[in-house]
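Here is a friendly walk through one protein chain. Have a look at it first, and then we'll take it piece by piece.

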Amino acid sequence: MRDGGGLLECGDCGSSYPVLGRVPVLFRDAVPAAGDDPDNATVHQVLEALGLGSAPADALRVRQMFRRRASFGDEQVQVESAQLLDRLRGSGHGIDGSGHRAEEAQPAADDADALPRYRWTLLDHVPRRLPAGTETMANLRFRNTGAVAFRHRPPHEARVHVSWFDEAGKPVDAPDVRTPLPIDVPPGRELTVPAFIATPRVSGRMLLQVSFVQEGVRFMHDDARRISVRVGGAAGPALPDGWVRHSEPHRTYEEDHRIGQDVFRRWLQPLAKAKLVRVLEVGGNVHPMAAGLANVDLYNLDVDLLGLQLGDLLHRRDGRDAAFLCADAEDLPFPPGFFDAAVMFATLHHFPDPARVLAHVATRVRPGGFVGVLCEPVGHVHPGAVAPDFLSELRKGVNEQSFTASEYEAMFRRARLRAEEATIDVNSLKARLVPL
């Protein structure tokens with residue numbers, strides 16, 4: 001590719017992509033759009049938060065970054081593209097709220113006769129073998145395909161409903177278990193729900209039906225999905241074979257990321273003995289964790305254009321060389337085997353289909369390299385008791401979700417990868433993935 005003065009042009013396919021504030025926007029459906037004109041206080045808050053001082057030239061650069069943005073064809077990507085500003089607001093900086101998604105508001109009362117519709121995706125994490133007479137949880141993902149919201153509060157709140165059938169389709173007695181939603185789910189929105197599943201006391205090959213109930217109104221079985229499960233036998237291991245769990249010490253988010261950075265540095269050492277190591281970091285935003293590591297040629301990829309622009313400014317000022325790219329991790333603009341290693345810090349769980357992203361990223365890593373998944377949250381977020389920060393992210397439209405160790409392992413297998421090394425520090429996964 002070559003820079004054509006505001007456009008990056010591909011000599012092979014003829015495609016061209018906008019370059020905004022030195023950052024190429026390599027999404028196929030992204031177009032430049034007019035942004036906000038920030039006030040002076042907002043500009044100086046951004047400069048202060050990133051330690052850039054208050055020089056007029058820097059203030060002008062930041063103002064220009066705000067004025068031109070990228071418009072994406074995918075609403076989920078558009079929401080995720082505001083990460084930096086949301087983080088600055090959350091840390092107490094007085095950033096102008098213009099264009100910011102508001103917290104969830106109470107929806108207008110829907111007609112109880114209006115039928116909510118939904119579609120379960122194929123991305124369930126229900127184990128295909130479960131012990132009889134037990135209760136467990138598993139992640140399910142659905143899309144609201146109807147014209148009315150799924151409520152999470154009374155009246156007429158929607159809850160995930162599970163029931164059991166034998167292979168002939170006859171009902172099997174099991175506890176009536178229902179799982180609440182953490183937020184209202186508007187039309188078109190997808191959400192991952194860790195659902196309660198209580199198994200029958202009898203054993204055998206059965207069908208688990210997952211559907212919704214609209215409390216006080218109706219069961220919504222028309223859009224149900226049935227999953228074949230063998231009930232009986234012992235529960236699976238708490239950890240996949242070879243994985244290690246440390247129950248302490250508890251660390252802050254920043255401390256855990258520093259530990260993850262040290263782990264990644266160790267993984268890179270065998271690759272860095274004789275050459276510069278080419279690394280792809282997905283989700284590094286303004287402060288990629290691989291930046292500054294010795295012998296690393298870094299390509300930092302994210303969807304947050306403003307964060308990438310500011311990151312590029314910071315790195316050039318510090319004399320560090322890295323490429324900042326606004327691009328799709330499911331459609332990487334690099335040839336197969338281009339990188340020695342790829343890494344994600346607390347990023348993988350934000351993708352609707354993490355396994356698909358892993359499988360695609362792995363194709364861009366050369367034989368003998370690896371994909372690092374670091375600082376990933378482990379464990380289900382308990383329905384009905386969701387942490388305020390997690391809930392706030394969901395309400396903004398961010399794709400928040402969290403997986404158990406066994407769900408991560410199944411995800412890796414689906415991507416045709418295995419964990420050559422995997423450690424869980426309290427609830428933070430650090431895994432070095434190589435091909436199966």
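## How confident is the model?

The elements themselves are DSSP runs numbered from the N terminus: helices are H or I runs of at least four residues, and strands are E runs of at least two. Residues 1-5 have pLDDT below 50, and this stretch has 8 contacts in the model beyond near neighbours in sequence. A contact here means heavy atoms within 4.5 Å.

Residues 98-109 also stay under 50, with 22 contacts beyond four places in sequence. For the protein as a whole, the mean pLDDT is 89, and 91% of the residues reach 70 or more.

This is a predicted model, so to speak: local features need pLDDT of at least 70, side-chain atom pairs count only at pLDDT 80 or more, and totals for chains, interfaces and linings use all residues. Residues are numbered from 1 along each chain as its sequence is written, and side-chain values use heavy atoms, with hydrogens and water left out.

## The five-stranded sheet

Which strands make up the open sheet of 5, and in what order? The order is S8-S14-S13-S10-S11, with mixed pairing. Two strands count as paired if DSSP finds at least two bridges between them. Strand S8 (129-130) and strand S11 (171-180) sit at the edges with a single partner strand each, so one side of each has no neighbour in the sheet.

Strand S13 (residues 204-214) and strand S14 (residues 218-231) pair in the antiparallel sense over 10 bridges, and Met-206 has Val-229 in S14 as its bridge partner. S10 also pairs with S13 in the antiparallel sense, over 9 bridges; there, Trp-164 stands opposite Leu-208 in S13.

## A closer look at S10

Strand S10 (residues 158-166) is largely enclosed by the rest of the structure, because 7 of its 9 residues are buried. Buried means under 20% relative accessible area, exposed means over 50%, and partly exposed is in between (1.4 Å probe, protein chains only).

S10 and S11 run antiparallel and are joined by 6 bridges, with His-161 opposite Arg-178 in S11. Their hairpin has 4 residues between the strands, and Gly-169 takes a positive phi there, near 95 degrees.

## The three-stranded sheet

Another open sheet has 3 strands in the order S7-S9-S12, with antiparallel pairing. Strand S7 (118-120) and strand S12 (190-198) are its edge strands, each pairing on one side only. Strand S9 (residues 135-144) and S12 pair in the antiparallel sense over 9 bridges, and Thr-136 has Ile-197 in S12 as its bridge partner.

Helix H1 (residues 40-49) packs against helix H2 (residues 56-67) at an angle of about 110 degrees, with the axes 10 Å apart. Axes are lines fitted to C-alpha atoms, for helices over the stretch in contact, and angles run from 0 to 180 degrees between N-to-C directions. H1 and H2 are therefore roughly perpendicular. Angles under 35 degrees count as roughly parallel, over 145 as roughly antiparallel, 65 to 115 as roughly perpendicular and the rest as oblique.

Among the H1 residues that meet H2 are Val-43 and Leu-47, and the H2 residues they face include Val-62 and Phe-66.

How values were computed:
pLDDT is the predictor's confidence in each residue, from 0 to 100.
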